[in-house]
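I wanted the overall layout before any single residue.

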Amino acid sequence: MKQITAIIEKNSDGGYSVYCTDEIFSGMGETAEAAKEDMKESIRHYVDTCRQDGYQYPQWLDEEYEFVFLMH
């Protein structure tokens, strides 16, 4: 199973952002959990759009993977 490291940061406005260290995905939210969910939703949207439009995307997105979240 692929492990994806993602960094969670608290923003100066009180919200949170999360981004993958080795991938292109990120998210934002009022809480750390909301930011994580936003990133996961962006990944689902990316895959769906690629499938609909016939674009290739990283194969690991069709396999099992997990996130390792680190708070900074």
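**Ground rules.** I am working with a predicted model, where local features need pLDDT of at least 70, side-chain atom pairs count only at pLDDT 80 or more, and totals for chains, interfaces and linings use all residues. I number residues from 1 along each chain as its sequence is written, and side-chain values use heavy atoms, with hydrogens and water left out.

**Entry 1: overall layout.** I looked up the secondary structure and found one helix and four strands. I take helices (H or I, at least four residues) and strands (E, at least two) as DSSP runs, numbered from the N terminus. Along the sequence I read β-β-β-α-β. I then boxed the C-alpha atoms along the principal axes and got roughly 40 × 25 × 15 Å.

**Entry 2: surface and burial.** Buried residues come to 32% of the 72 in the protein. My cut-offs are under 20% relative accessible area for buried, over 50% for exposed, and partly exposed in between, with a 1.4 Å probe and protein chains only. The protein exposes about 4900 Å², and carbon and sulfur atoms supply 46% of that. The areas are Shrake-Rupley values with a 1.4 Å probe; for residues, only the protein chains shown count as cover.

**Entry 3: charges.** I counted 6 positive and 15 negative side chains, with the centres of the two sets 3 Å apart. Lys and Arg are the positives, Asp and Glu the negatives; His and the chain ends stay out of the count. I placed each charge at NZ of Lys, CZ of Arg, CG of Asp or CD of Glu.

**Entry 4: contacts along the chain.** Of the contacts with a separation of 6 or more, 38% are between residues 24 or more positions apart. Contact here means heavy atoms within 4.5 Å.

Entry 5: I call two strands paired if DSSP finds at least two bridges between them.

**Entry 6: strand pairs.** Strand 1 (residues 2–10) and strand 2 (residues 16–20) run antiparallel and share five bridges. In this pair, glutamate 9 has serine 17 as its bridge partner, and lysine 10 stands opposite tyrosine 16. Their hairpin has five residues between the strands, and glycine 14 there takes a positive phi near 95°. Strand 2 also pairs with strand 3, again antiparallel, over four bridges. On that side I noted valine 18 with glycine 27 and tyrosine 16 with glycine 29. A five-residue hairpin joins strand 2 to strand 3.

**Entry 7: faces and cover.** Strand 2 is mostly covered, with four of its five residues buried. In a regular strand the side chains alternate between the two faces of the sheet.

**Entry 8: phenylalanine 25.** Is phenylalanine 25 buried or exposed? I count phenylalanine 25 as buried because its relative accessibility is 6%. This residue is in the loop between strand 2 and strand 3. Leaving out residues up to four places away in sequence, phenylalanine 25 touches Tyr19, Cys20, Met39, Ser42, Ile43, Tyr46, Trp60 and Leu61. Its C-alpha is 8.4 Å from that of lysine 40, 15 residues apart along the chain.

**Entry 9: alanine 6.** Alanine 6 lies in strand 1 and counts as buried at 0% relative accessibility. Beyond four places in sequence, alanine 6 contacts Val18, Tyr19, Cys20, Met39, Val68, Phe69 and Leu70.
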